[in-house]
Amino acid sequence: MKVIASLTFAAAACALSVPAFAQFAKAEDAIKYRQSALFVMAQHFGRLGAMANGRIPFDAKVAADNAEVVADMAKLPWAAFGPGTEQGAPTKAKPDIWVEQAKFKEHSDKLIAESAKLAAAAKTGSLDTLKTAFGATAGTCKSCHDAYRAK
Ligand code: ASC
């Protein structure tokens, strides 16, 4: 009983004190996770871009659905950039991410904020509103990539 109690305590203490990285069994999993989240986000963002740029017809419902996925996915990758995930699988993430964590977080927070605005903009049903919000969101993708993604 004592052993079980202390194991339970140890497990609870671990859950409380370890960084978000601990949700991944290994660095490779964290890298795959963040790449997957960013990939799914890019697929849905690309569909919005096609509408914003007139490559496919504007459909308000499709736009709203895609923008909602973008806003949801935008929250996910960042917990997978934890300590020790600089390498472990092929990655374009620059080492500066782990040196300039506050700056990196500013970028990710900006994306989360802009993609939430994008989802709200898409719900208005106005293509012009969508275009503006798409541009602002794409700008946050680009500025982070310029700083923290290798070519
Ligand atoms: C996309 C995509 C990105 C961003 C970026 C915006 O659709 O895959 O990485 O937009 O190109 O500048």
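A nonpolar core is a set of buried Ala, Val, Leu, Ile, Met, Phe, Trp, Tyr and Cys residues joined through side-chain atoms within 4.5 Å. Buried means under 20% relative accessible area, exposed over 50%, and partly exposed in between (1.4 Å probe, protein chains only).

The model is predicted: local features need pLDDT of at least 70 and side-chain atom pairs count only at pLDDT 80 or more, while totals for chains, interfaces and linings use all residues. Residues are numbered from 1 along each chain as its sequence is written, and side-chain values use heavy atoms, with hydrogens and water left out.

**Figure 1. The chain and its helices.** The chain contains six helices and zero strands; helices (H or I, at least four residues) and strands (E, at least two) are DSSP runs, numbered from the N terminus. Of its 151 residues, 32% count as buried. The accessible surface comes to about 9,000 Å², and 64% of this belongs to carbon and sulfur atoms (Shrake-Rupley method, 1.4 Å probe; for residues, only the protein chains shown count as cover).

**Figure 2. The largest nonpolar core.** This core has 29 residues, of which Leu48, Phe81, Ile97, Phe104 and Leu118 touch the most other members. Two or more residues each come from α2 (27-52), α3 (60-73), α4 (96-99), α5 (101-124) and α6 (127-148).

**Figure 3. Surroundings of Phe104.** Neighbours within four places in sequence are left aside; Phe104 is then in contact with Trp78, Phe81, Ile97, Cys144 and Tyr148. Contact means heavy atoms within 4.5 Å. Phe81 and Ile97 are also listed with Phe104 among the core residues that touch the most other members.

Figure 4. Around the ligand are Ala42, Phe45, Ala138, Cys141, Lys142 and His145, a residue being near a molecule if one of its heavy atoms lies within 4 Å of it. Helix α6 gives the largest share of this shell, four residues, and α2 and α6 each supply at least two. By class, the shell holds four nonpolar, one polar and one charged residues (Ala, Val, Leu, Ile, Met, Phe, Trp, Tyr, Cys and Pro count as nonpolar, Asp, Glu, Lys and Arg as charged, and the others, Gly among them, as polar). A ligand oxygen atom is 3.3 Å from a polar backbone atom of Ala138. Taken alone, the ligand exposes 310 Å², and the protein buries 60% of that.

**Figure 5. Pro95 and Tyr148.** Pro95 lies in the loop between α3 and α4 and counts as exposed because its relative accessibility is 61%. Between Pro95 and Tyr148 the C-alpha to C-alpha distance is 8.0 Å, although they are 53 residues apart in sequence.

Terms used
A polar contact is a pair of N or O atoms within 3.5 Å; within protein, one must be able to donate a hydrogen and the other to accept it, and residues adjacent in sequence count only if both atoms are side-chain atoms.
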